[in-house]
Amino acid sequence: MKPISLISVLALLLAVPSHGQDLNRDSVPTANVYKDAEEFPIYPGGTDGLKRFVEKNFIFPAEAWGDTTYTNVGKLRFIVRRDGVACGLDKEGMHPAVYKEWQRLFSIMPLWEPGRIKGFPVDVECHISISPGTVSPKLPFHIDRKMNNLKKRIDVNKKYNKGMDKEEAENLVKEMDEIVFYNPEVIEIFVPLARLSVSLNERDKAVEVVQNGLEGLNKWLKDKERSPSLVLYFNAKDYMSAVLAYALVCDAAEGEGKKAYEYAQYVIDGRILLKDIETKKSGNDANETYRRLMIEKRNIAVLGSGTRGNTLNGPERESIYRYGWISGKTMDDIDAAMKEGKIDNPRLRQINTQLKEMDEERRKNPPMGKDSLYLYGLRAMVIDLAEGQDAVDRYVDDMCQREEVGKELKSYLSKLSEKRRKYASVLEDREAVVHSLASYAPINEEGEDKSECKRRADEFYKCRDAMKAVYPLEWLWKR
């Protein structure tokens with residue numbers, strides 16, 4: 001065994017602080033700082049340990065959120081002193097608030113195993129990159145943690161048999177407000193936030209919340225329209241839930257949700273055309289091709305206006321491009337314009353031939369699954385909310401008379417129509433029905449009589465339960 005000299009022992013004693021010794025973390029070495037070492041400093045637990053420490057403790061400052069002036073978030077240049085203290089963080093390229101947060105983390109950071117040269121601890125300059133996903137996720141850490149916690153606590157299918165305390169509702173709203181401040185497009189948050197706002201009679205806020213959320217989602221969808229990544233990430237069931245919430249809160253807030261219900265029908269029609277719910281499921285290559293053909297058809301009709309063979313005016317283009325969504329009406333409007341001679345394009349004729357061939361092939365598919373049947377149930381529900389039971393009956397009768405409609409769908413819609421008539425007396429109070437669906441839960445004021453709270457909750461859920469018995473709401477809301 002190699003003997004240890006007295007000088008070596010003294011060096012170690014001077015380099016490594018004893019338990020309880022003042023570390024003076026603000027002291028930054030200015031001389032004899034090595035950029036290279038035989039043994040580099042090591043954080044306790046290595047790279048994974050450092051990542052865990054940052055993920056647990058880093059709180060992204062609100063004032064730096066969305067500021068693209070500063071690009072350096074996770075690139076760190078600092079010194080690990082011979083006593084294991086990390087200090088001297090270089091702030092170049094960092095937002096001041098982000099730099100301050102890193103300083104805070106360095107002040108509570110465990111001691112590193114110092115770098116060494118010939119076995120002696122030395123001061124070493126370190127350069128490391130923390131993954132942007134670690135320090136700058138879609139949501140800051142404390143918001144991300146809060147969101148994950150909220151998702152476990154929020155369930156629109158949950159029943160508050162005695163109502164929900166106002167204080168509990170207001171606290172939830174505060175937590176969700178903080179999340180939508182950073183990212184208004186999180187469906188699992190902005191939808192219940194809008195419903196809770198209706199419950200608390202803050203209806204204008206409810207409309208604003210869901211509008212902002214859908215605008216962000218629609219922008220994302222348009223950006224991804226030409227990208228296969230849409231297949232991987234878009235969950236149409238969640239989107240339909242958000243669109244329905246938009247229609248309901250508009251109705252509850254303004255007493256008139258006609259345009260919002262029309263929008264909901266367009267969205268549901270798009271999924272009916274594609275015959276699926278989640279495009280990320282495997283085996284949907286044919287559906288993706290079908291979707292792309294429809295997008296191309298719409299774009300040729302709208303963007304080609306003013307060119308040879310296209311005489312559509314502004315309102316006609318707007319009608320076709322409404323909401324930027326693909327629907328049966330969009331396709332019918334284009335076909336009508338072609339029939340009238342307002343659009344004459346060989347590629348459109350070719351696309352129509354392809355779509356017709358695909359429709360024939362799709363009719364040969366096995367019987368519909370529940371998801372596809374429920375799409376028609378949702379469409380019937382939106383018709384009901386917008387126009388009433390008579391309109392639902394007309395829709396069902398029309399579908400049942402069509403030769404191309406399969407027996408599974410006819411049977412499902414016929415039973416749905418029967419259930420709607422069964423609950424007609426409960427559902428005749430349209431305002432109560434809309435309120436029960438647009439709201440999150442009945443709200444109790446402090447000191448209210450418990451029997452009154454119970455009575456109000458019974459009335460609230462009587463309407464909601466009736467709608468769930470007729471239409472596939474539980475399926476739509478289930479996460």
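Is C126 buried or exposed? I looked this up first. C126 is buried, at a relative accessible area of 8%. Buried means under 20% relative accessible area, exposed means over 50%, and partly exposed lies in between, with a 1.4 Å probe and protein chains only.

**Ground rules.** I note that this is a predicted model, where local features need pLDDT of at least 70, side-chain atom pairs count only at pLDDT 80 or more, and totals for chains, interfaces and linings use all residues. Residues are numbered from 1 along each chain as its sequence is written, and side-chain values use heavy atoms, with hydrogens and water left out.

I then looked for disulfides, meaning pairs of cysteine sulfur atoms within 2.5 Å. The structure holds zero of them.

**Whole chain.** I found 22 helices and seven strands in the protein chain. These are DSSP runs numbered from the N terminus: helices are H or I with at least four residues, strands are E with at least two. Of the 479 residues in the chain, 48% are buried. I also looked at contacts, which means heavy atoms within 4.5 Å. Among contacts between residues at least 6 apart in sequence, 75% join residues at least 24 apart.

**V122.** I located V122 in strand β5, residues 120–129. With 9% relative accessibility, V122 counts as buried. Leaving out residues up to four places away in sequence, V122 touches Y34, V80, R81, R82, G115, R116 and I117. I took R82 from that list: V122 and R82 are 40 residues apart in sequence, but 4.6 Å apart in space, C-alpha to C-alpha.

**Two asparagines.** Which loop holds N32? I found N32 between α1 (6–15) and β1 (33–34). N32 is not a glycine, yet has a positive phi of about 55 degrees. N32 is exposed, at 57% relative accessible area. I then turned to N201, in the loop between α7 (187–199) and α8 (203–224). N201 has a positive phi of about 65 degrees, although N201 is not a glycine. Its relative accessibility is 57%, so N201 counts as exposed.

**Helix pairs.** Two packed helices are described by the angle between their axes and the distance between the axes. The axes are lines fitted to C-alpha atoms, for helices over the stretch in contact, and angles run from 0 to 180 degrees between N-to-C directions.

At what angle do α17 and α18 pack? I read about 160 degrees for α17 (residues 389–401) and α18 (residues 407–422), with their axes 9 Å apart. That makes α17 roughly antiparallel to α18. Angles under 35 degrees count as roughly parallel, over 145 as roughly antiparallel, 65 to 115 as roughly perpendicular and the rest as oblique. In α17, Q389, V392, D393, Y395, V396, M399 and C400 meet L409, K410, L413, S414, L416, S417, R420 and R421 in α18. By class I noted eight nonpolar, three polar and four charged residues in this contact. Ala, Val, Leu, Ile, Met, Phe, Trp, Tyr, Cys and Pro count as nonpolar, Asp, Glu, Lys and Arg as charged, and the others, Gly among them, as polar.

My last pair was α2 (residues 46–57) and α3 (residues 96–108), whose axes come within 11 Å and cross at roughly 120 degrees. That makes α2 oblique to α3. The contact is made by F53, V54 and N57 of α2 with E101, W102, R104, L105 and I108 of α3. By class I noted five nonpolar, one polar and two charged residues.
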